[in-house]
Amino acid sequence: MLWSLIKIVVFVAAIAALTWGAGFLLESSGGLQVTVMGTEFSFGPLQSVIAIIVLVIALWLVLKIISLLVAVWHFLNGDETALSRYFDRNRERKGYEALSEGLMALASGEGRLALSKAAKADKYLERPELTNLLIAQAAEMAGDKRKAEETYKKLVANESTRFVGVRGILKQKLAEGDTDTALKLAEKAFALKPKHEDTGDILLKLQAEKEDWTGARETLNIKLKNGQLPRDVHKRRDAVLALSEAKDVFTEGHSIESREAAIEANRLSPDLIPAAVMAAHSYIEQGKPKYATRLLKKAWSVHPHPDLASAFAAIEPNESPKERLKRFTALTRTQPDDAETKMLLAELNIANEDFPQARRSLGDLVETDPTARSVTLMAAIERGEGASDTVVKGWLARALTVSRGPQWICDNCQHIHTNWKPICDNCHSFDTLAWKTPPMSEVAMPGGVQMLPLIVGAIEDNSGADAKPPVATRADIEEAELIVDAPEDSEKPKEPEVTAEK
């Protein structure tokens, strides 16, 4: 309304100015004298202005006629499109102006204006390969999803714009949560342009979410061939996919295939802890404990982890605590200063009822880097050395306030997982889980604490008449776990497969 009023005011002002100018010229004296070939022409002030305007128009017409004659000349010389280009030049100018204004409106976030300009450009240019994309994106911005999808389908029909159309519909389906259709579209788009990095990433993510590990590995190999992935990143991610594939084979119960897949995953990335654990269990099932030992020692030297210790214990599940302590020396002599090694030695010595040595193995860990697990171990040591219930409960109370220690955390969204997974449960990112200490203490209990009674194995053989029960009983340890675990955990982490006999 205000804009219309302004235009009316400007129009009236212009008319008033022209009227005033005409009146001024009529009342003015003098004029313009022109001599042409001896003939003199005299013009008054108003006539002079009109003559100048007529001269400019005449000059413009002459230039247009010359341009037309040039186009006719080119046409007669074989340029069949010369005349059509001449007559369409004005339409093209208006069309490209509308296209430019539409792009600017799109960049400015003005969806409705961009849609209007896109329609105008389409009318003048008649080049849908240029204008349809602008129409589709403007319709999306304006919230007209139906029109956007219809326009993307028009792009799919044109071979030169097919990839753009498929990718546009793909993004719509992803926004709607239709991952099944999105996966098919991603496969089509990737087939059209296998070197398009973003499409490859989307396809890989969708294949991983759908647990199509074989297809995901093929996509990953194509990305490597196209130079879109560093070789070390490809090797790591291929190992993650191979591990996921191996887990599926284990679930289906194909023993030979599962063993091969697990060993392949560990070969691709020896530092991938779940792959090392699965490969070790595969060797144990095959009756090859030496291979399992060598594999676990190598993984432990890279990154000590409770699951590695649990798998190492499974190699000889029925050994005595003393024998286990001796056998674990092969594992604990590497990375001796790591917190995981110290806590593992403390657990083994608790099982062997050597509580002073367990305290020495734990060192000052409860002071320098206290975690719920190390503090719980200290409670077990105090109980084993005959400390009062007050001291033991004091350690258990402290376990509620300290960090819960390293866990599987997504590097992308910081979501905490009880067990390792190839895909984050929260943000659905691929291969982003890392074993590290979370930034907050309100987290789930790490699997290492639940592993304590499994690592210690058979505490002692009670079949003899002179057998004495251990000072730190399994019930004491389980009570400590429950007290530490009770306030926050809604579900208890799944225990390792290794079982121990008392």
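This is a predicted model: local features need pLDDT of at least 70, side-chain atom pairs count only at pLDDT 80 or more; totals for chains, interfaces and linings use all residues.
1. Residues are numbered from 1 along each chain as its sequence is written, and side-chain values use heavy atoms, leaving out hydrogens and water.

2. The protein has 24 helices and 5 strands (DSSP runs numbered from the N terminus: H or I of at least four residues for helices, E of at least two for strands). Of the contacts with a separation of 6 or more, 54% are between residues 24 or more positions apart, a contact being heavy atoms within 4.5 Å.

3. Now the helix α14, residues 289–302. Its 14 residues should span 20 Å at 1.5 Å a residue, and the end C-alpha atoms are 20 Å apart, which agrees (the expected span is 1.5 Å times one less than the number of residues). A292, L295, L296, A299 and W300 are the buried residues of α14. They cover an arc of only 130° around the axis, so they sit on the same side of α14 (the arc is taken from the directions from the helix axis to the C-beta atoms). K290, R294 and K298 are exposed on the face turned away from that buried side.

4. On to the rings. The count comes to 3 aromatic pairs (Phe, Tyr and Trp rings, the six-membered one for Trp, with centres within 6.5 Å; planes under 30 degrees apart are stacked, over 60 edge-to-face, the rest tilted). One of them is Y283 with Y291: the centres are 5.4 Å apart and the planes at 70°, so this is edge-to-face. Y283 is buried at 15% relative accessible area, whereas Y291 is partly exposed at 39%.

5. W408 and W435 also pair edge-to-face, because their ring centres are 5.3 Å apart and their planes at 65°. This pair links distant parts of the chain, with W408 in strand β3 (407–410) and W435 in strand β5 (433–436), 27 residues apart. Both W408 and W435 are buried.

6. Those strands belong to an open sheet of 3 strands, ordered β4-β3-β5 with antiparallel pairing (strands pair if DSSP finds at least two bridges between them). β4 (416–417) and β5 are at the edges with a single partner strand each, so one side of each has no neighbour in the sheet. Antiparallel β3 and β4 are joined by 2 bridges, and W408 has H417 in β4 as its bridge partner.

How values were computed:
Buried means under 20% relative accessible area, exposed over 50%, partly exposed in between (1.4 Å probe, protein chains only).
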